[in-house]
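Hi,

Here is the structure I said I would pass on. Have a look at it first, and my notes follow below.

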Amino acid sequence: MKNKPVLNTVFDAAFRFIDLALNDNEYLQPQKLHRLLYLAQAYYGANYHGNMLMPAIFVAEEFGPVEPNLYAVMEESRPDVRLKSVDPKTIHFLESIWAQFGHHTVEHLSVTVRNHPPFTKAYKEGIGTIIPFDELVEFYASVRKTATTPEAKEVVRPRVMRSHKGKPVATTDWLPRKIK
C-alpha cells in the first residue's frame, strides 16, 4: 500500500453500491457486491498509480473473490455503521464502476473475475488465499480490452462540467505519468 486509502472503510464503498442499486430499483446480491468491490479496488489501483480505494483484502473463494470482513459483518443484515463523507471524485469513481459493471449479472461478473490471473493464482493455492493487491493493480493496469474486461482508462467516465461560456465539457483527472 503506497498511500493511505481514499475511503476509511470497505463499508463506505459497499453502502454506496447498495444505494446505487436501490436507485436503479435493483436488489444488490451479496456476491455481486463483493465482485463490484473487488473490481473497484483493482481498477482504482490501476487508474491511480497503485493507490488503494479502501482498506480491504480479498480472498479467493469457490464462487469468486470475497472481502471476508464485510462478509462476516453483513451476513445477516446491513449493520448500523457511521459513514464518513466521501469526496466527489471518489463518488464519481464508484458511480463509474456501477455504470460499467452494475448491469451485469452476478454470474457474469463471477465468471469474468474467476478467469483473471490474480484470482486464479490465489485460488490454486487454496480457498481463502489472499489475492495480493499488487497483483490486482498489475493485471488490471495492463489488461487490454476484451468482450468482458475493459481497459483501466475506459472504466472511469468523464465528468461533465461547464466551460466559461456555459457549454458542457467532458473532463477527466490529469495524472502525470509515473516515472520508474
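Which residues of helix α5 (residues 106–114) are buried? Keep in mind that this is a predicted model. The buried ones are V106, L109, S110, T112 and V113. They span an arc of only 165 degrees around the axis, so they sit on the same side of α5. The cover over these buried residues includes α2 (30–47), β2, α4 (88–101), α6 and α7 (133–142).

Now the sheet. It is an open one built from 3 strands, in the order β2-β1-β3, with antiparallel pairing. β2 (64–66) and β3 (130–131) are the edge strands; each has a single partner, so one side of each has no neighbour in the sheet. Strand β1 (residues 58–61) pairs with β2 over 3 bridges, and A60 faces P65 of β2 there. Helix α6 (residues 117–125) lies across β1, β2 and β3, at about 65 degrees to β1.

Then there's the core. The largest nonpolar core contains 47 residues, and F17, L37, F93 and Y140 have the most contacts inside it. At least two residues each come from α1 (10–23), α2, β1, α4, α5, α6, α7 and α8 (152–155). The top contributor is α2, which gives 10 residues.

Cheers

Note on methods
Residues numbered from 1 in each chain as written. Predicted model: local features only at pLDDT ≥ 70, side-chain atom pairs only at ≥ 80, totals over all residues. Heavy atoms only, no water. Pairing = 2+ DSSP bridges. Helix = DSSP H or I, 4+ residues; strand = E, 2+ residues; numbered from the N terminus. Contact = heavy atoms within 4.5 Å. Axes fitted to C-alpha atoms, helices over the stretch in contact; angles between N-to-C directions. Buried < 20%, exposed > 50% of the residue type's maximum accessible area, 1.4 Å probe, protein only. Arc of directions from axis to C-beta. Core = buried A, V, L, I, M, F, W, Y, C linked by side-chain atoms within 4.5 Å.
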